[in-house]
Amino acid sequence: MPKIVSLPGDGIGPEVTAAAVSVLREVAPDLTIEEHLIGGVAFDTHGDPLPQVTRDALTDADAVLLGTVGGAQDSHWNALPRPLRPESGLLALRKALGCYANLRPVRVQPGLEHLSPLKAELARGVDILIVRELLGGVYFDGDRKIEGDTAYNTMRYTTPEVERVARVAFWAAEQRRGRVTSVDKANVLEVSELWRRDVTALRDREYRGVHLNHEYVDSVAMLIVSDPSRYDVIVTENLFGDILSDLAAVIPGSLGLMPSASLGDGAGLFEPIHGSAPDIAGKGVANPAAAIMSAGMLLRHGLNRPDAANQIDRAVSLALREHPTRDLGGRADTQTFTRAVLNALETSPAVG
């Protein structure tokens, strides 16, 4: 029986996570779901933003569902030493899970094209999955340094690091439309030459049924907003992925529609990308769509249950069309939207 650790966290985290858990229980009633503390509320209770009791629960978890961490700018948590702040609990969580691949879906929901800053004809039908390498590259350069008026950071990758994140992208593409675009800057960077060589070799050895093409990062930055429907799965290194995923995040028109997954060798971490929104916490008006879709990603990428994930995706799309939340120009509150998703799920049986 799979074990899921739920970490609601701070702000609107408990509200949107409760919605996601209710949907998980509907489509996968066999799951064991344990709730534990993280972030500011964990510090207030245990004096640690990732307390030992939570760490212990992670050891035999099959997946982790996270809400949000942190508070308002004037929160007492922000006056704490940095290792005790809520965000440090999140960083410690990611390190503990060893997550090396971040998956960020960028999907424009049918009927909500008007929310996108792109023209409706460009936004319609966009469905991209960006797979970003998380633990390597220039952000993790051990030799980084500032010396007087000189500073340097080194972009560095090894073949095993490239292969493990590319393998996630190819596996995801097999569940989608079977196309991967690998993004690099191989015309000027040797590390990108290695990246391109290793991604190609892996496809040729293990994923011959997936179509692969290579594009330069500057070209993708232009095309992802001028012709986004050309992309299915994008895989790239840490720095390029950071920039491209944030650029693409504006396409759906609301952070309330943006789930994410971070995968590694152990339990995956699944969370909405929006913040804790302390100004609306406790008011029951938060949009839980991203948290619910993160639960869908948990089923798809964490437990390999694509049928159950598809159920959630269809139910969320229907609820968004019929009961949009306030941030989307509608009137539905958190409970109303969640009930709409659950009602849509009742039309199809649980698939476990």
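Predicted model: local features only at pLDDT ≥ 70, side-chain atom pairs only at ≥ 80, totals over all residues.

User: How far apart are the end C-alpha atoms of helix 11?

Analyst: Helix 11 covers residues 306-322, which is 17 residues. At 1.5 Å a residue these should span 24 Å. The model agrees, as the end C-alpha atoms are 24 Å apart.

User: Are helix 8 and helix 9 roughly parallel or roughly antiparallel to each other?

Analyst: Two packed helices are described by the angle between their axes and the distance between the axes. Helix 8 (residues 217-226) and helix 9 (residues 238-248) have axes 10 Å apart, at an angle of about 10°. Angles under 35 degrees count as roughly parallel. Helix 8 and helix 9 are therefore roughly parallel.

User: Which residues of helix 9 meet helix 8?

Analyst: By class, this contact has nine nonpolar residues, with no polar and no charged ones. Helix 8 brings V217, V220, A221, I224 and V225. On the side of helix 9 they meet F240, L244, L247 and A248.

User: Which residues have the most contacts inside the largest nonpolar core?

Analyst: In soluble globular proteins, nonpolar side chains tend to be buried together. The largest nonpolar core here has 67 residues. Apart from it lies another core, of 20 residues, among them V108, A123, I130 and A249. Inside the largest core, the residues with the most contacts are V131 and L299.

User: Is S182 buried or exposed?

Analyst: S182 sits in strand 8 (residues 179-184). Not counting residues up to four places away in sequence, S182 touches W195, V199, L212, N213, H214, E215 and V235. Its relative accessible area is 0%, so S182 is buried.

User: What is the phi of A277 near?

Analyst: Most residues other than glycine have a negative phi. A277 is found in the loop between strand 12 (268-272) and helix 10, and is partly exposed, with a relative accessible area of 22%. Its phi is positive, near 45°.

User: Where does N304 lie?

Analyst: N304 is a residue other than glycine with a positive phi, near 55°. Its place is the loop between helix 10 and helix 11.

Terms used. Residues numbered from 1 in each chain as written. Heavy atoms only, no water. Axes fitted to C-alpha atoms, helices over the stretch in contact; angles between N-to-C directions. Helix = DSSP H or I, 4+ residues; strand = E, 2+ residues; numbered from the N terminus. Parallel < 35°, antiparallel > 145°, perpendicular 65-115°, else oblique. Contact = heavy atoms within 4.5 Å. Nonpolar A, V, L, I, M, F, W, Y, C, P; charged D, E, K, R; others polar. Core = buried A, V, L, I, M, F, W, Y, C linked by side-chain atoms within 4.5 Å. Buried < 20%, exposed > 50% of the residue type's maximum accessible area, 1.4 Å probe, protein only. Expected span 1.5 Å × (residues − 1).
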